[in-house]
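Have a look at the model first.

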Amino acid sequence: LSFNGQEYEFPVITGTENESAIDIAKLRGASGLITLDPGFKNTGSTSSAITFLDGEEGILRYRGYRIEDLAEKSSFLEVAYLLIYGELPTQAEYETFSKEITHHTLVHEDIKKILEGFPSNAHPMGVLSSLICSLTAFYPESLLQNRSDEEVNMSIIRLLAKMPTFAAWAYKNEVGHPVNYPDNSLDYCSNFLKMMFALPAEKYDVDPVVASALDKLLILHADHEQNCSTSTVRIVGSSHASVYASISAGINALWGPLHGGANQSVIEMLEAIKADGGDAKKYLDKAKDKNDPFRLMGFGHRVYKNFDPRAKIIKKAADDVLEKLGVNDPVLDIAKELEHAALNDQYFIDRKLYPNVDFYSGIIYRALGIPTDMFTVMFALGRLPGWIAQWKEMRENNEPIGRPRQVYVGANEREYVSM
Ligand code: MLT
């Protein structure tokens, strides 16, 4: 076995042609067979009945429903209900669910004191994960074991209800503005937008085009089976930590640029192209350079070998939103040129390097007036129901505590010699 540039000898039991699945090796100094798979890239570490995705075919379904249908016909809260409880809600169930969420949007006044303790240069993701984790202090019963289903459900409702408040407050802290309290006469996305953008003593009307675009974006991000943040939520929850602590851990995992930062990188790349004269074609050619290829952000996907189904929907949403809002942003024009050139270039077609969901989501967020370092917060807002559903499924299945094994590759036993 070759690992980190060194050779190690293990009795190999079986192997695979897939380079990311490492040979099964006998663990030195301990009993049992394990599979070395750094990053759990190719081992089925859990089974789940929530989200199905087939990267070859470009299929994504939540609880069996095609994401295309859900994005077109459902609201984000309906999709949240579906993910968490397994079925689309009836009218009566939906009314109760959304009423409960609306009822819990307010947060304890002392949480504002925690917020005020953050410097204004605090990254909103750090603020968000801290405020979510602080709910364990305001609702200490969430730490108790053997809670009834109703009690666990109340924690879930509180999370869904307070997340937009925390997300908007993290932004207000960053820009140094006073926070807005929730407006419970509004729907989920409109309330969030008003808390984000309303200024004191100014009337603020939420643009329905913006609210509906945001609702769609959140649906598209609501779950994506196992990945860094989702498996983090499951593994933290597997120790029976509270749902607030588990979701806070997921937010931190998403914060890493390799996971949640892709759409931010896209916008930064577009800004760099703009600063260099705005010639999209030049950068497309540079991306094909064999010796020193320019890395095009927002193209291709780790899982999808075909068009990411979310990208198709979001591309259309981006076109609609930009047209309806009459947005005129040179960076967005560069994005469109880049996309158009790539979709018509055989090099990219052959390699299936399609613009992915992150390419378009940053463009829409920017058109909606959401600043770049809030992009991961928006991702977390959308992913919340998926994380909750994964946490709940793991607990309901009584899954054992997550306990990765390791292949020891350090020194053999050495004789201790005193200095
Ligand atoms: C997601 O939606 O979670 C991203 O596409 C990242 C991933 O595929 O893991």
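Q: Why are helix α2 and helix α3 called roughly perpendicular?
A: Helix α2 (residues 76-85) and helix α3 (residues 91-103) pack at an angle of about 100 degrees, and their axes are 11 Å apart. Angles of 65 to 115 degrees count as roughly perpendicular, so α2 is roughly perpendicular to α3.

A quick note on the model: it's predicted, so local features need pLDDT of at least 70 and side-chain atom pairs count only at pLDDT 80 or more, while totals for chains, interfaces and linings use all residues. Residues are numbered from 1 along each chain as its sequence is written, and side-chain values use heavy atoms, leaving out hydrogens and water.

Q: Which residues of α2 and α3 meet?
A: From α2 you get Leu77, Glu78, Tyr81 and Tyr85, and they meet Glu93, Tyr94, Phe97, Ser98 and Ile101 of α3. Contact here means heavy atoms within 4.5 Å. The residues of this contact split into six nonpolar, one polar and two charged.

Q: What surrounds the ligand?
A: His224, Asn227, His259, His301, Arg310, Phe379 and Arg383 do; a residue counts as near if one of its heavy atoms lies within 4 Å.

Definitions and conventions
Axes fitted to C-alpha atoms, helices over the stretch in contact; angles between N-to-C directions. Helix = DSSP H or I, 4+ residues; strand = E, 2+ residues; numbered from the N terminus. Parallel < 35°, antiparallel > 145°, perpendicular 65-115°, else oblique. Nonpolar A, V, L, I, M, F, W, Y, C, P; charged D, E, K, R; others polar.
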